[in-house]
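Work through the exercises below with the sequence and the structure in view. Each task is followed by its solution.

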Amino acid sequence: MLHYLLSRAIALILVTLTSVTLLGACGGSQRASSETPEIAYRKGVAFFDRGSYDRAVEQLQQVFEFGRVNEWADDAQYTLARAYYEGKQYLLAANEFDRFIGLYPRDERVEEAAYYRAMSYYRQSPPFNLDQTDSERAVEYLRLFLSTYPNSERAQDIGQKIDELQEKLARKLLAKAELYERGEMYEAAAITFQRVLEKYPSTDVVDESLLGAMRSWVAFADASIPSRKRERLENAVTAYNRLVQLFPGSPHLKEAELIFGSIQERMETLG
């Protein structure tokens, strides 16, 4: 009797589970038959136009449930990227614009997508004292845009944005050099100060970086064995000459001249 009751209970459980599964399947089929990619796209656009970007994203993503080859997929992909951008989800926006460019390279909106991809990284660029990975990516994509679309009406604005980001990256590198200098890592400091000129020659902190290179080479020479002192002092002289030649009106020249005088005294002592 007990065996019979257990068998009945198991059978009822199996029937219940099967019914739930079938109902779920029917519900899914009903949803798919009542929805089309066009409807999903138009709902997404309506939310986008109202500024409801999260809701727009939800609807636009449903377009791709019907595959990437349906006739609304390209419009949905572009609008999805724009929805992320307008919603200030810039990393997601950059990824979706990149996907649009890769999937639809002949679409007339590719130039605009390339612009917004670059601007997505630009919008994420933080203050100079923070990690500058997004700034570097922004410069990369802004330059790519200029090389691809040199006659774009956005070219001048993009050039200004590149200059702005370069200034930020130069300040970040300068701060790194100063950190090395404070930690008495003078060789690393001198090399990093010089890299500001090498990587960002048109920025406003190059003269300051050359002055820092002078200080660091002198400090490194003072900490060196006698046979290496002159070589490192000569590196300081090279930094001084660059500062004088490139920035004759620099406010840092007075300090640089004082350091240069001390370099000459050290070199005379060395003979």
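A crossing of two helices is called left-handed if the near helix is turned anticlockwise from the far one by less than a right angle, and right-handed if clockwise. The model used here is predicted.

**Exercise 1.** Describe how helix α2 packs against helix α3.

Step 1. Helix α2 covers residues 37–49 and helix α3 covers residues 53–63; their axes lie 8 Å apart, at an angle of about 165°.

Step 2. Angles over 145 degrees count as roughly antiparallel, so α2 is roughly antiparallel to α3.

Step 3. By the definition above, α2 and α3 cross in a left-handed way.

Step 4. On the α2 side, the contact is made by Pro37, Ala40, Tyr41, Lys43, Gly44, Phe47 and Phe48. From α3 come Tyr53, Arg55, Ala56, Gln59, Leu60, Gln62 and Val63.

Step 5. Sorted by type, the residues of this contact are nine nonpolar, three polar and two charged.

**Exercise 2.** Decide whether Tyr200 is buried or exposed, and find its surroundings.

Step 1. Tyr200 sits in the loop between α9 (186–199) and α10 (206–222).

Step 2. The relative accessible area of Tyr200 is 7%. Buried means under 20%, so Tyr200 is buried.

Step 3. Beyond its neighbours within four places in sequence, Tyr200 is in contact with Gln166, Leu169, Ala170, Leu173, Arg195 and Val206.

Step 4. Asp163 is 37 residues from Tyr200 along the chain, and their C-alpha atoms are separated by 9.4 Å.

**Exercise 3.** Find where pLDDT stays under 50.

Step 1. The chain has a mean pLDDT of 89, and 87% of its residues reach 70 or more.

Step 2. Over residues 1–34, pLDDT stays under 50, and the model has four contacts beyond four places in sequence for them.

Step 3. Where pLDDT is low, the predicted coordinates should not be read in detail.

Key
Residues are numbered from 1 along each chain as its sequence is written. This is a predicted model: local features need pLDDT of at least 70, side-chain atom pairs count only at pLDDT 80 or more; totals for chains, interfaces and linings use all residues. Side-chain values use heavy atoms; hydrogens and water are left out. Axes are lines fitted to C-alpha atoms, for helices over the stretch in contact, and angles run from 0 to 180 degrees between N-to-C directions. Helices (H or I, at least four residues) and strands (E, at least two) are DSSP runs, numbered from the N terminus. Angles under 35 degrees count as roughly parallel, over 145 as roughly antiparallel, 65 to 115 as roughly perpendicular and the rest as oblique. Contact means heavy atoms within 4.5 Å. Ala, Val, Leu, Ile, Met, Phe, Trp, Tyr, Cys and Pro count as nonpolar, Asp, Glu, Lys and Arg as charged, and the others, Gly among them, as polar. Buried means under 20% relative accessible area, exposed over 50%, partly exposed in between (1.4 Å probe, protein chains only). pLDDT is the predictor's confidence in each residue, from 0 to 100.
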